[in-house]
Each structure stands twice: as structure tokens, then as C-alpha cells.
Amino acid sequence: MMRYGILLAVLMAFVLAFTLTTGCSAPKKATKEDVTKAGTKPAGPSEEELARQRAEQEARDRALREQALRDQEARERAERDRAAAEASRLKDLSRIYFDFDRAELSAEARETLGKVAQLLKASPGKSLTIEGNCDDRGTNEYNLALGQRRADSAARYLQTLGIERKRIKTISYGEERPLCSEATEACWHKNRNATFVYTEK
Amino acid sequence: MKKYRIALFFVCVLLLAAVPAAEAKVYINIDSPSAQKFPIAVTAFKNMNNAAGQESLSPWFADTLGKTLEITGFFNILDRKAFLVDQAKLGIATENIQFPAWTAIGAESLVTGGFSVSGRDLTLECRLFDVVQGKLLVGKRYTGKIEERKEMVVRFAQEILIALTGEKGLFDTKIAFAGKKGGVSEIYAVNFDGTDPVKLTNYGSITLSPKWSPDGKQLSFLSYKDGNPDLHVLDLNRKTVKRILSTGRLNLPASWSADSKRMLVTSSKDGSEDIYILNLADGRMTRLTTDPAIDVSPTWSPDGRQIAFVSDRGGTPQIYLMDASGGNVRRLTFEGGYNTSPAWHPRSNRIAYEGRAGGTFQIMVLDTAGGTPVQVSTNGGRNENPAWSPDGRYIAFVSRAGGKSRVCVMNSNGTNVRVIHEGLEAYVSPTWSPHLNFY
């Protein structure tokens with residue numbers, strides 16, 4: 001009894017499927033015939049009709065071109081925004097500062113270095129040069145050594161955050177590359193830094 | 001470098017050596033800190049063949065010799081208006097000298113001279129007298145071209161210095177230094193008296209820390225000209241430059257060994273900034289310090305047995321001493337929180353350095369046995385980077401005052417400060433040549 005039931009169901013499904021397939025193919029045929037009829041239509045459109053069609057086509061082309069232009073502008077704007085955001089991110093990540101005659105990293109410097117490490121991890125093609133700088137108080141030779149120490153101290157911290165040492169170069173400029181030259185604490189502070197220069201491999 | 005003039009031929013005739021060398025008396029004890037300036041009279045020179053049109057040479061010789069002697073800082077050149085007699089008219093030989101007329105105005109020495117001109121040829125006679133004892137100390141005759149008269153005067157000034165101080169002066173020495181302008185620094189050199197400035201490098205980079213070799217033929221320096229702080233040596237005669245140390249990290253030249261074959265350097269090649277001996281023949285480096293702190297600016301003692309250097313191992317930069325092998329390290333300076341740039345006196349156990357005093361930096365001198373440092377620079381502003389002259393009688397240094405930087409020379413007791421170069425934005429690291437014998 002059960003076996004007959006299954007057989008019947010399969011048969012019914014088969015019939016139904018055949019009916020549906022045939023039903024679907026019918027309108028397609030009709031469409032093809034319509035197209036053939038339209039293509040072989042003997043009488044052409046009037047001059048006005050052609051002009052209207054041309055104008056419509058031109059309007060469509062123009063709209064397309066304008067759209068393409070708008071898309072292009074949008075892409076460029078997005079690229080500019082992205083580059084600006086990247087530049088501003090790099091600018092935030094361009095320098096850390098030190099106390100007089102010290103090379104130890106402040107909490108703020110470590111925070112910046114954490115972001116530098118994230119950036120380097122996210123961009124494996126980037127390498128980094130760390131330039132150590134000093135204010136002009138103190139001795140020029142000692143400051144060359146101190147600048148090296150500042151750059152090294154930043155490099156070592158990045159290493160502990162998992163950045164490969166070979167991606168980092170350090171160089172000391174001592175007091176030779178000041179950002180400003182006033183004899184004020186604000187200017188001295190600015191000049192006591194490690195500056196990060198990123199390069200694409 | 002000032003070129004020898006082959007054409008210049010000096011005939012130096014010792015007219016009379018009244019004082020035998022064995023009995024040589026030191027008239028001026030330069031090393032005494034309380035030394036008074038030595039009063040000396042320089043008369044107008046006698047126009048011996050009455051050469052027409054050369055009358056102005058008579059005071060020119062007196063003025064030039066007076067100024068040359070004055071530069072040394074040892075002399076009080078007496079005003080010619082105060083002279084009681086016209087020695088040029090009376091005669092310049094010993095028998096003509098009116099000794100009482102010179103002691104009466106406070107002179108201890110007298111210089112007389114005469115010249116004769118024939119065409120472009122000049123003959124110059126110079127005499128130095130001890131007017132207290134009434135005797136001739138030294139007499140010389142020079143012949144050459146009239147254009148060479150300045151060199152003749154400087155040569156006789158050297159003779160006066162030998163006679164009165166026991167040693168010739170420093171007119172044949174130069175001082176090199178780094179000068180900065182527009183973010184670029186180059187090495188320059190100038191004569192002891194501030195004449196004949198020359199630019200020795202032209203890299204448009206950062207070039208610093210010149211150090212003159214004891215043989216006078218080479219100058220080592222640090223330059224970023226190839227991108228990194230590398231050491232180079234300039235051969236002053238051949239005008240060639242050789243890179244001697246490049247590690248991709250910081251390298252600083254410092255003291256040369258007495259034989260000019262080795263150099264003390266600071267390098268961070270092994271991690272921290274440490275002191276090494278660099279063998280110039282094969283580039284081999286021997287490490288002397290291993291402390292993780294900054295160790296920089298080493299200088300050998302004159303006998304090569306000890307080294308003074310700067311270290312911040314105690315928390316602030318201070319001067320330390322160690323044996324030449326790197327052992328027996330001991331701290332020398334304790335006063336003030338920032339003492340750097342040690343320079344070992346060429347003939348004694350004194351070290352000049354730059355120390356923070358009263359909110360600014362001054363040149364200090366301290367005996368290596370310790371004791372109280374003596375502040376020798378007293379002019380206003382900030383005074384730094386001391387370098388001794390080869391005879392230890394002078395210190396070259398950089399003075400920063402009123403927004404201006406200058407290279408200066410002072411006598412070792414801090415008197416007679418003279419500017420030898422100015423006009424660039426900033427100066428650093430003067431270094432004094434040995435005698436180069438160009439006079």
C-alpha cells in the first residue's frame with residue numbers, strides 16, 4: 001500500500017514537471033517571432049522619429065558620461081580622503097618627545113609607539129627610520145650619542161611589540177636638525193624627539 | 001694651508017748671543033696664573049738707506065710687530081708717544097741705546113729695527129734688548145721681497161717669544177672647527193692670529209668634530225655626507241678624503257695617538273655608545289668601555305697611559321678617568337650636573353672641560369688628582385668645547401652670547417679673549433693643530 005503511494009507521487013510529480021516546462025517555453029517562442037516580425041518591418045520611421053530617437057540616445061549617452069564622471073570624482077575624493085586620513089594618522093605617529101638629557105619613554109611616547117606598531121603590522125610593506133634629536137643645550141658630541149640612544153630606545157620598544165628589528169633603522173642627528181631655534185622650554189621640548197620616517201619597500 | 005713661498009729667502013744672522021743658552025733666563029713665566037703683562041717698547045724702524053717713498057714702513061714695522069706681540073696676550077706694548085728718546089735717530093746698535101731712557105718709562109725690553117729697500121728687495125734688521133741689564137738678547141737680519149715683510153715680522157716675533165718665554169709662539173699653528181649655516185655644517189681652519197680662513201670641506205651635509213692629527217698632516221671628522229654618521233680622514237697635503245669607519249650607526253672621532261696611527265673613537269656599533277681604539281692601518285677596533293650608559297668624547301693623557309671621557313653612568317654626564325686599557329674607571333667631576341668635552345693639558349695633569357655653572361656653561365680646569373675646579377672663562381654668555389694649544393698656554397673655545405656664536409682663543413688663565421672667527425650661525429668643536437712650521 002505504502003509502496004503504491006510513493007510510485008503514484010513520483011508519477012504525479014513527473015507529469016507536473018513536464019506540464020510546467022512546456023508551459024514556460026511557449027511564450028519564448030512567441031517573443032522570438034515578434035522580434036523577427038519587427039526586424040523585417042518594411043516601412044521606416046519618419047525623420048522626426050529618427051531625430052527624436054537620436055536626441056534620446058544622446059541624452060542617455062550624456063547621462064552615462066556624467067554618471068561616469070561623477071563616479072570618477074567620487075572615487076578620487078574617496079582616495080584623497082583616505083590619503084589625508086593616512087597622512088594625518090602618520091603625522092600623529094611621526095614623533096615622540098623626551099625630557100632633558102633623558103632617553104626613557106614617557107607613557108605618551110609608549111602609547112604613540114603602540115599605534116606605530118599597529119600601523120607597521122597592518123602594512124607589512126612599510127619600513128621605518130627613527131631619527132633621534134636633541135635640543136641645543138649641552139654638548140654637541142654628547143647630544144649625538146643621546147640622539148642615538150633616543151632612537152634606539154624607541155626601536156627597542158617597537159621590537160618588544162613584535163616589530164622585526166630589520167624593518168627599523170635608527171640614526172642620530174644630535175642637535176643638528178632643530179625644528180625651531182628659540183631659547184624657550186616649548187622649543188627645546190619640540191627639539192627633544194625621535195622622528196619617524198615611513199618608507200614603502 | 002698657507003703655501004711656502006719658495007722665493008722668500010731669509011738670511012738669519014745671530015748678531016750677538018749675549019746670553020748663553022745654559023744661563024737662559026725666563027723673563028715671562030707664562031704658566032704663573034698671576035703673571036703680569038711684560039712691558040715692552042717697540043721703536044719706529046730706521047730707514048737705513050733713506051729709501052724714498054718708504055717712510056711709512058718705519059711706523060708700519062713697529063705697529064705690526066707690536067700687534068703681533070700683543071696677540072700672544074703676554075705683553076704690554078708701551079705707547080710710542082710716551083718715549084723719551086728717538087732711538088731710530090740715535091742708532092739701533094747696542095752702543096747707541098739709551099737704556100735709562102727706556103727703564104724710566106717702565107720698559108723691561110726694547111725692540112729696535114732698521115730696514116733698507118732696493119727696488120722690491122728688502123733687508124730687515126731686528127734687535128731685542130734687556131734694558132734693565134743693558135744688553136742685547138737677540139738680533140736677526142732678514143732679506144726678501146718687500147711683499148714678504150709681514151712674514152719677517154712674525155718670524156722675529158717668534159724669536160722674541162723664544163728669548164723671553166723659552167718657547168716659540170703659535171703663529172705657525174691653525175685652529176680648525178665646524179661652522180654651521182642654513183642647516184649645513186662644514187670644517188674650516190684659521191691661523192692662530194685669526195688670519196687666512198679656509199673652508200676645508202664642502203659637502204652640503206652635516207660635518208662635525210674635526211680633530212687634528214699630532215703629525216699635523218691629517219684631520220679626522222664626522223660627516224653624514226654618505227647618509228650615515230661615518231668617520232673620515234682628510235689628508236691636508238694631498239687634499240684626499242678617506243672613509244675610515246662606517247657602521248650604519250653613530251661613530252665619532254676623538255683623540256689621536258701621539259704617533260698618529262691610532263684613534264680613540266665613540267661607536268654605537270655594538271649597541272650602546274662605547275669607547276674603542278681604532279687602528280688606522282687595518283681598521284681593527286678594541287673596545288674599552290662596556291657600560292650600558294653613554295660613553296663619549298675620550299682623550300688620551302699626554303703620556304698615553306690614561307684616558308679622560310664623558311659618561312652618564314652616574315645619571316648625569318660627568319668626566320671620568322680610566323687606564324689606557326679601559327680598567328680602573330673613576331669619576332673626576334662631582335660639582336654641577338653637566339660636565340662634558342674634556343681636553344687634557346698637553347704637558348700636565350690638568351683637564352679643561354665645559355661645565356654647567358650658574359645656569360650657563362663655562363670652561364673649567366681641574367687637576368686629575370681632583371680638587372676644586374677653576375672656572376677660567378669669565379666673559380658673558382655660554383662658553384664651551386675647550387681645546388688646548390700645543391704648548392698648553394692657550395685655550396680655543398666656542399662662545400655663545402647675545403644670539404651670536406664665535407670661535408675664540410684665550411690665555412689659559414682666562415685673560416686676553418680674542419675672536420678668531422665669527423659670522424656663521426653657530427660654531428662647534430675647535431681643534432688646535434701642532435706647529436706646522438709655515439713661519
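A residue counts as buried if 20 or more other C-beta atoms lie within 10 Å of its own, as exposed if 12 or fewer do, and as partly exposed in between, with C-beta atoms placed from the backbone.

## Basis of the report

This is a predicted model, in which local features need pLDDT of at least 70 and side-chain atom pairs count only at pLDDT 80 or more, while totals for chains, interfaces and linings use all residues. Residues are numbered from 1 along each chain as its sequence is written, and chains are lettered from A and ligands numbered from 1 in the order in which they are written.

## Asp130 of chain B

Asp130(B) belongs to strand E5 of chain B, residues 121–130. Helices (H or I, at least four residues) and strands (E, at least two) are DSSP runs, numbered from the N terminus.

Once neighbours within four places in sequence are set aside, Asp130(B) is in contact with Ser109(B), Lys135(B) and Leu137(B). Two residues are in contact if their C-beta atoms, placed from the backbone, lie within 7 Å. Asp130(B) and Trp102(B) are 28 residues apart in sequence, and their C-alpha atoms are 10.0 Å apart in space.

## Chain A

Chain A has 5 helices and 4 strands, which follow the pattern α-α-β-α-β-α-β-α-β along the sequence. Of its 201 residues, 25% are buried. Among contacts in chain A between residues at least 6 apart in sequence, 74% join residues at least 24 apart.

## Domains of chain B

Chain B is assigned a domain 1 (21–165) and a domain 2 (174–432); such bounds come from an automatic or database domain assignment. The C-alpha centres of domain 1 and domain 2 of chain B lie 38 Å apart.

Contacts between the two domains of chain B involve 4 residues of domain 1 and 7 residues of domain 2. On the domain 1 side, these residues divide into 3 nonpolar, 1 polar and no charged. For this division, Ala, Val, Leu, Ile, Met, Phe, Trp, Tyr, Cys and Pro count as nonpolar, Asp, Glu, Lys and Arg as charged, and the others, Gly among them, as polar.

## Sheets of chain B

Two strands pair if DSSP finds at least two bridges between them. One open sheet of chain B has 4 strands in the order E26-E27-E28-E29, with antiparallel pairing. Strand E26 (382–388) and strand E29 (418–422) of chain B each have a single partner strand and stand at the edges, so one side of each is left without a neighbour in the sheet. Strand E26(B) pairs with strand E27 (residues 394–401) of chain B in the antiparallel sense over 5 bridges, and Asn383(B) stands opposite Ser399(B) in E27(B).

Another open sheet of 4 strands in chain B runs E9-E8-E7-E30, and its pairing is antiparallel. Its edges are strand E9 (198–199) and strand E30 (426–432) of chain B, each with a single partner strand, so one side of each is left without a neighbour in the sheet. Strand E8 (residues 184–191) of chain B and E9(B) pair in the antiparallel sense over 2 bridges; Tyr188(B) stands opposite Lys199(B) in E9(B).

In strand E18(B), 6 of the 6 residues are buried, so the strand is largely enclosed by the rest of the structure. Strand E18(B) is joined by 4 bridges to strand E19 (residues 306–311) of chain B, and the two run antiparallel. Trp300(B) stands opposite Ile307(B) in E19(B). These strands, E18(B) and E19(B), form a hairpin with 5 residues between them, and Gly304(B) in the turn has a positive phi of about 75 degrees.

## Nonpolar cores

A nonpolar core is a set of buried Ala, Val, Leu, Ile, Met, Phe, Trp, Tyr and Cys residues joined through C-beta atoms within 7 Å. The largest such core has 119 residues, and those with the most contacts inside it are Ile40(B), Ile175(B) and Ile395(B). Helix H4 (residues 149–165) of chain B gives this core its largest share, 9 residues. A second, separate core of 19 residues includes Leu93(A), Ala109(A), Leu113(A) and Ala155(A).

## Where the chains meet

Between the chains, 25 residues of chain B are in contact with 14 residues of chain A. On the chain B side, the elements that give two or more residues are strand E10 (207–212), strand E18 (295–300), strand E22 (339–344) and E30 of chain B. By class, this side of chain B has 11 nonpolar, 10 polar and 4 charged residues.
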